[in-house]
Each structure stands twice: as C-alpha cells, then as structure tokens.
Amino acid sequence: MLITLLNRCPDAWRFVDPSALDKITLRAALAAAASFAVALLLGTPVINWLARRFREPIKSASTAIEKLHAPKAATPTMGGLFVLAGLAGSCLMFGDWTNAYLPLAMGAMIALGAVGAYDDCVKLTTQRRGLGGRTKLIAQSAVAVAAAAAIAHVQASSGAAATITFPLIGQFELGLAYVPWAALVIVASSNAVNLADGLDGLAGGCLISAALAIAVLAYAGGHAGWADYLGIEHVPGAGEMAVAAAAAVGALLGFLWFNCHPAQVFMGNTGALGLGGLLGVLAVVARHELLLVVIAGVFVLEAASVILQVASFRLRGKRIFRCAPLHHHFQLAGIPEGKIVVRFWIAGALCAIVALASLKFGAREQTFDAHLPTNHTAFR
C-alpha cells in the first residue's frame, strides 16, 4: 500500500525512492518496526479499557496452580487485540496486497482471533468456561479449511503441485488430501500456542523465535536461487510471508513490553488462536508443515503433555505429570516462573536454529552465486 501511495504522490515523497520498497527484506524490517510501535502505542489505552471490562479469572483443575496464580487474579486479558491490530496494520502499510497469500494469511489470523475473542467474552461474561471444546474446534476447522482451500487454489494457479515435504527425505504428492492436511496443521498450530499461553511472556517469547524461523523459510522458498541452493521447494510468492512473519515479531515484542513478569495483560484466546493460526498458515504457504513441528517444538511439547496426561489418566487412572500443560508441571516442581519462561524461550530458540540448520543438511553441494542474476534484483 505504501508503494502505491509513493507512486501516486511523487512530489510529496520526492526524497523516497519507491523502488526501494520493492525489496521484501526492507519492507519486512519496516513492518516489524511499525507493528512494534503500534502495539506499544495501543498497549496502555487498550489495557486500561480491558481492565474495566475483561479481567481474567484464575481457574484451574489444580488447586495448587490456582494458589500459585492467585496474585494474577483480575489481570486484564484479551491483549491479543492490540497485538493483532499492530500486526495487521503494519502489513496493510508495508505488505504487497497484490500477492494473494497476504490477504489469505491476514484473513485467517483475524478470523481465528475473532473465534478466540468470542471464546474469551463468553468465559468472562458468563459462568461458563468459554465455548465448548467441540464448538470451538468446529469454528477453527471451518476457518482452517477455507484458508487451506484458498492456499491450494493459489498454488495450483502458479503450477505448484499439492505436496508434503519431509525434511532430509523429499516431497510426496498429496492430491485431494492436501486441503485437510493443511487445515489440520493450521488448527493444531492454533491450539498448541493456546495451550502454551499460561505463564507471563511464555507464549509470546517462543512465538518470536518461531516467527523468525518461518520468515527465513518463507523468504528462501520464495526466492529461486535460495530455494535451489538449500534444496527446498520454490514457492512463487511465498517470500511475501516474510513480511507478515516480521510484523508478527514486532507486534509480539510490543506485547512482551506489557506481558513480561509481572504481566499487566494476558494475550487471551484472542491472541493465542490468531497468532498460532497465522504461524500454521505461514508454514503451509512455505511448504514446511512438518518442519514446523521442530520450529514450534515448545508448543508441540506443551500440546503433547496435555494429550499424554489425558490419555494416561483415562487408560491407566494415573497421571504422568504433576499438572499439564508442561509448564505447570515445572511450576509444581518448585521452579520459579521467571526461570521456566526463560528456559522455554531458550528451548524455542534452539528449536528454530535446529530447524534452519536441517535445511543445509539436505542441500546439494553447489555455488550459490551461480543462481544469482548479475544485478541481484532477485533479492526483492
């Protein structure tokens, strides 16, 4: 959108070269800075507004966890509102909206954020614990299927096959199974982030590492030279997702300004479902759905701990962990909240590094310069 404004008003913007904004890397950096600024500016007024209306009740199946979190009672929630606003606003300004993937990603994020917001409102304004699990899953699945079908259509239009990429192995054709597979990835990512959102700064910090890794993957996959050098699938147009991922990083940094311990606001399902869904959409577009399991390793472990806990209790009548999700297990082991969060951040960063390093393991030995045009304009 900014490029359009510069082209239409050359006199007002005569000191700015519009062609510079063709480069994805520059627009990604600007989007990150803008989303951080918007989230920071909106944070205080939105938190004050939420404090008068939406305060988080501390409810848990574990009385021990309720006691530990008692000081957080009545902390404003639904902070995801200003995170998603900063992210969407910066993408609106610096994103290339002629790229079909960008409106799809933003639409899915906002729709899933709306599901989360409704869930938060039901939980905070009634005696119910939010939407029923089945109802919420149906709503998430509807959004995910629509997004997956739209992505499949865009990729088919560009000549890309419906494949799944196994790291270090290769690609396999999915055919008609591609849409349900992609929808499953989006829903799973959305719910996994939601489960991890239980300690101050935990989900936000781990999302930053994951978003940075996805930004690199999307940019590399959208660039023919980088894709060939790394031995990954070239997905025309996927590079624009680096702008969305960078905007997410900036918005999350702005959120952590207020969410670091002791938190002034919680993300709520509004932010967790929306941002988790966006992470899944970006992985689907970049064709790295399975590598997302490594990139989002912390979120996967959090979700797996819940699944294992429930399965063990139903089948054996015994629990594996003191409490699930996993971060609560460590809390009940006596580890301070701040230490748990920072260690999870470190684990998230290591997961992202391992995922990116795995790309080169499968890459063919070749000289990258051979794939670059002489004027390097492909780095847009």
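1. The lining of the largest cavity is made up of eight nonpolar residues, with no polar and no charged ones. Here nonpolar covers Ala, Val, Leu, Ile, Met, Phe, Trp, Tyr, Cys and Pro, charged covers Asp, Glu, Lys and Arg, and polar is everything else, Gly included.

2. Before going further: this is a predicted model, where local features need pLDDT of at least 70 and side-chain atom pairs count only at pLDDT 80 or more, while totals for chains, interfaces and linings use all residues. Residues are numbered from 1 along each chain as its sequence is written, and side-chain values use heavy atoms, leaving out hydrogens and water.

3. Back to that cavity. Its lining residues are Leu207, Ala211, Ala248, Leu252, Leu275, Leu278, Leu279 and Leu282. H11 gives the largest share, four residues, and helix H8 (202–222), H10 and H11 each supply at least two. Helices here are DSSP runs (H or I, at least four residues), numbered from the N terminus. The volume is about 50 Å³, and the structure holds three cavities of 30 Å³ or more. A cavity is a set of points on a 1 Å grid over the protein atoms alone where a 1.4 Å probe fits but cannot get out, and lining residues have an atom within 4 Å of a point. Points are joined across faces, edges and corners, and the volume is the space filled by probe spheres set on them.

4. Beyond four places in sequence, Ile295 touches residues including Ala210, Ile214, Cys351 and Ala355; contact means heavy atoms within 4.5 Å.

5. Leu273 sits in helix H11 (residues 268–286) and is buried, at 0% relative accessible area. Buried is under 20%, exposed over 50%, and partly exposed in between (1.4 Å probe, protein chains only). Setting aside neighbours within four places, Leu273 is in contact with Leu112, Val115, Gly116, Lys136, Gln140, Ser190, Asn191 and Asn194. Leu195 is 78 residues away in sequence from Leu273, yet 9.7 Å away C-alpha to C-alpha.

Conventions:
On a 1 Å grid over the protein atoms alone, a cavity is a set of points where a 1.4 Å probe fits but cannot get out, and a pocket is an open set with protein on both sides within 12 Å along at least five of seven lines; lining residues have an atom within 4 Å of a point.
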